[in-house]
Amino acid sequence: MATHLFGDTAVLTGRSLRHITRSPDTIITTALMPIAMMLLFVYVFGGAIDTGSASYVNYLLPGILLITIASGVAYTAFRLFTDLQSGIFERFQSLPIARSGVLWGHVLTSLVANLISLVIVVGVALLMGFRTGAGVAAWLAVAGILVLFTLAVTWLAVVAGLSAKSVDGASAFSYPLIFLPFLSSAFVPTETMPGPVRAFAENQPVTSIVNTIRALFAEQPVGSDIWIALAWCVGLLLAAYAFAVALYRRKIS
Amino acid sequence: MAMTTQSVIQVQGLEKSYKELKVLRGVDFDVRRGTIFALLGSNGAGKTTVVRILSTLLRADAGTATVNGFDVATQPDKVRESFSLTGQFAAVDEILSGRENLVLVAKLRHLDEPGKIADELLARFSLTEAGGRRVATYSGGMRRRLDIAMSLIGNPPVIFLDEPTTGLDPQARIEVWNSVKELAEHGTTVLLTTQYLDEAEKLADRIAILHQGHIIVNGTLAELKQLLPPAKVEYVEKQPTLEDVFLTLVGTDK
């Protein structure tokens, strides 16, 4: 059956991408919330926040990008859950296909949808005055980290979609993910936070990812942050993937 | 036990429990090629469990089952190439059009010319006009017809229909019945589960009644009718219906 894995995954990815083109609102709502936050923080709170950098939108954008991904993957959990409920999931399972293709179809769709949302958010940030002199290599590094982060949280979304008992439950896992950047260096420097909060903020994945992306855009050295960020992304990805596959095996056996 | 080459589905000593609840306690039956076999039972009798085991979606605790000569436990890939399942709820993609649903399944069955297959099935199930519309706009009967059409892609020799008319209006039921009859005429073997007695009576060549985890009776409609005591004939003017047979056999204690 493995011989069909790529073909079957392509067919199933095409199917769920079609869901997105038929309801583009899922991409628009994914992009809308982070854009609203960006407007709020830049034009309302931003004036009062001292980040030490010249442009608050430059400071803020990396965290906003992570929030975009965190809210985008909720739709992956939702789509997977809907498939399970509607019986089309069982139809796929009863066909002579590569069975992991069913999950990969959703994961690749999530990747495409999130990349589109990210492009929209970056576009709005440019309109709001975001500027970077980052070269091609730095942009590729940013894209690579965002892709890794998207894959990691998408597999978390697969876990949520497979184990959820209700539609609300399927997407609820994304709330803590959306909230996590607030307890990081995404909006304000961690030095201003009281001890325990600061300790948490400096040692959770978002801070290292945000710092890395910020440094890449600002053409600064990324230091050890990039390795910590990569370790978090890859670790989370492997753990979520293993958990999702185990859950899926139990579900279909 | 008839182990002839004519048997396309063979089930022997099938057992399945969910925790403490013993749903199947040794189920045996055979289905011959090109016939419609109805598995009849009340809600919760275990009909769906039998279908899920046969369609490799669930493992049995004990017993064996073969579909088209392949063992469901040891050759699931071969089994999946041999059958098609139409579950209790129409397994269609609401966001895609009817035609796109058919093309999708044809591609997943790795067939050539998926578009041509889709168009032929749309025509056969009177869905050509609706083919380009999203399934979300379809009526219950149209959805079921599309569901069955999707099951026919690749001409699997065996079709499992799990309560195909539950929740349908009478008009849609007749549409589905006609589709099922047509299937058997094309040589497809159909295993049908239902809780509607008239459905089994209308469609099935053989009927088995699943009750408390066992097949308590298995035969043609005529054979089943003979199970009632003839004295009953004196009091009723019409022939006993299958409903009478069923209720007498499973008891009316509830």
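This is a predicted model: local features need pLDDT of at least 70, side-chain atom pairs count only at pLDDT 80 or more; totals for chains, interfaces and linings use all residues.
For the complex, the predictor gives an ipTM of 0.83 and a pTM of 0.81.

One open sheet of chain B has four strands, in the order β2-β1-β4-β5, with antiparallel pairing. β2 and β5 (70-71) of chain B are at the edges with a single partner strand each, so each has one side with no neighbour in the sheet. Helix α1 of chain B packs on this sheet, where it touches β1, β2 and β4 of chain B, and its direction makes about 120 degrees with that of β1(B).

Zooming in on the pairs, strand β1 (residues 7-18) and strand β2 (residues 21-32) of chain B run antiparallel and are joined by nine bridges. I9(B), for instance, has V31(B) in β2(B) as its bridge partner. The hairpin of β1(B) and β2(B) has two residues between the strands, and K19(B) there takes a positive phi near 55 degrees. β1(B) is also joined to strand β4 (residues 62-67) of chain B, again antiparallel, by five bridges. Here E15(B) is partnered with A62(B), while Q10(B) is partnered with T66(B).

A further open sheet of chain B contains six strands, ordered β6-β7-β8-β3-β9-β10, and this time the pairing is mixed. At its edges stand β6 (83-86) and β10 (214-219) of chain B; each has a single partner strand, so one side of each lacks a neighbour in the sheet. On average, neighbouring strands of this sheet are turned by 15 degrees against each other, direction ignored. Strands β7 (residues 158-162) and β8 (residues 189-194) of chain B show what a parallel pair looks like here, with five bridges between them. Within that pair, I159(B) stands opposite V190(B) of β8(B).

Helices lie across this sheet too. Helix α1 (residues 47-54) of chain B turns up again, lying across β3 (36-40), β7, β8 and β9 (206-211) of chain B and running at about 150 degrees to β7(B). Helix α5 (residues 140-152) of chain B lies across β6 and β7 of chain B, at about 165 degrees to β6(B).

Next comes the meeting point of the two chains. Contacts link 21 residues of chain B with 19 residues of chain A. On the chain B side, α2 (76-82) and α3 each supply at least two of the residues that touch chain A. Sorted by class, that side of chain B has ten nonpolar, four polar and seven charged residues.

Finally, there is D244(B), found in helix α10 (residues 242-250) of chain B. D244(B) has 16 other C-beta atoms within 10 Å, so it counts as partly exposed.

Technical notes
Residues are numbered from 1 along each chain as its sequence is written. Chains are lettered from A and ligands numbered from 1 in the order in which they are written. Two strands pair if DSSP finds at least two bridges between them. Axes are lines fitted to C-alpha atoms, for helices over the stretch in contact, and angles run from 0 to 180 degrees between N-to-C directions. Two residues are in contact if their C-beta atoms, placed from the backbone, lie within 7 Å. Ala, Val, Leu, Ile, Met, Phe, Trp, Tyr, Cys and Pro count as nonpolar, Asp, Glu, Lys and Arg as charged, and the others, Gly among them, as polar. A residue is buried if 20 or more other C-beta atoms lie within 10 Å of its own, exposed if 12 or fewer, and partly exposed in between; C-beta atoms are placed from the backbone.
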